[in-house]
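I opened my notebook for this one.

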Amino acid sequence: MPSRVAATEALSDAEVFVRDNPEIATVLAVGLVALFGVSYALRWFRRPMGVQFKRALSDLDEIAVLMHPNPDPDAMAAAIGVACLADQVDTQARIQFTGQIRHQENRAFRTVLDLDLEQIDHVSEIAAENVVLVDHNTPRGFAGAESVLPFAVVDHHPGDGAGEEFTDVRTNYGACASIVAEYFRDIGAKPVPPDQHASEINARYTMPSTVATGLLYGILADTKRLTSGCVAADFTASGYLYPGVDEDLLDRIANPQVGAEVLEVKARAIAGRKVQGSFAVSDVGPVSNVDSIPQAADELMHLEGVTAVVVCGERDGTVYLSGRSRDDRVHMGRALEAAVADIPSASAGGHARMGGGQIPQVDPTGGDVPTPVPRNGLVDRLFQTLTGDV
């Protein structure tokens, strides 16, 4: 009884205070509302990124999941993971890309997992108003790309691109697939073993075996089988995915047949290499399969005493560069960017351990572009950037 009387007296005193001091009461009320608002916002931002992403997707009817040009296993894995997550909240997703899927490993990934991927060349072909970029953070590779304002960005590459509603760029992660796998773990999803059906799993959210297999292979592909550029999160993601992995599908993706030209280009890269100290540069000349160039770079990295390599080759009027580094003195992405910095229409970039670039030799409008650096000069310039002289 005394406590009830005290409470009644306190309310009465409060009413008198409000009546006598309306301005102060208003300020206190606004302050309390702001305090509750900040508290709610803090609780929201403390939620795992996967929970935030799932909620962002659940507000949409459909999305277009856009991969970077000539997508690799990590990009395709991240895309099918995002599409699967969208499906969990009844949001329709269509996966799209520009360029081609040429590398035998990439083709095997698409074929073995039976992926439905749509190729586009123009912004008008994008399947939905809301676009989710995976494994890159700036739209590129198709006409009108600069007009696209992505709804969300999920990536592990350096860059300034961002989504209007959701951005998650973790440059320390070895693979974008690790980030997407983490989203599923954040929402409590369980990978479905290859010999079971989702209905047999006691979980609100699940991950099909094909998606788990794809995400694991995406991690393995971008981290050289978890031996390069990894952080603890990549290993954790791999362990989380393991129960759902189909080992037969994984083996078929990892061991596709290799075309004769790939082996020939590797041989040309080895035979024609130039070496300065622990750096190797090789010009393999004309190629019909551009993906043979990065594979040749991977092969040169096996040479004893070599810590950084760049391989260049030409197809359809464009010189392609592919670099690899395990040398702490060489940030390959920056080295290639420096090598082409003053060459008109050229572009390059990448990670510390891996990079690529393109130097157009023919103007897309039909005119000739003067070649400011002859091929022998390009090789010399590449050595200069590897040694830090440019």
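Predicted model: local features only at pLDDT ≥ 70, side-chain atom pairs only at ≥ 80, totals over all residues.

Entry one: helix α7. I found that α7 is mostly covered, with 11 of its 14 residues buried. Buried means under 20% relative accessible area, exposed over 50%, and partly exposed in between (1.4 Å probe, protein chains only). Helices (H or I, at least four residues) and strands (E, at least two) are DSSP runs, numbered from the N terminus. Among the buried residues of α7 I noted Val211, Leu215 and Ile219. The cover includes α4 (73-88), α6 (176-186) and α8 (232-241).

Residues are numbered from 1 along each chain as its sequence is written, and side-chain values use heavy atoms, with hydrogens and water left out.

Entry two: salt bridges. I counted a side-chain nitrogen of Lys or Arg within 4 Å of a carboxyl oxygen of Asp or Glu. The count comes to 11 salt bridges. One of them joins Glu182 and Arg170 at 2.6 Å, N to O. Glu182 lies in helix α6 and Arg170 in the loop between β6 (166-169) and α6, so the pair ties together parts 12 residues apart in sequence. Glu182 is buried at 15% relative accessible area, and Arg170 is buried at 12%. Asp168, Arg170 and Glu182 are linked in a network of salt bridges.

Entry three: another pair. Asp328 and Arg353 meet at 3.1 Å, N to O. They sit 25 residues apart. Asp328 is exposed at 71%, while Arg353 is partly exposed at 32%.

How values were computed: Contact = heavy atoms within 4.5 Å.
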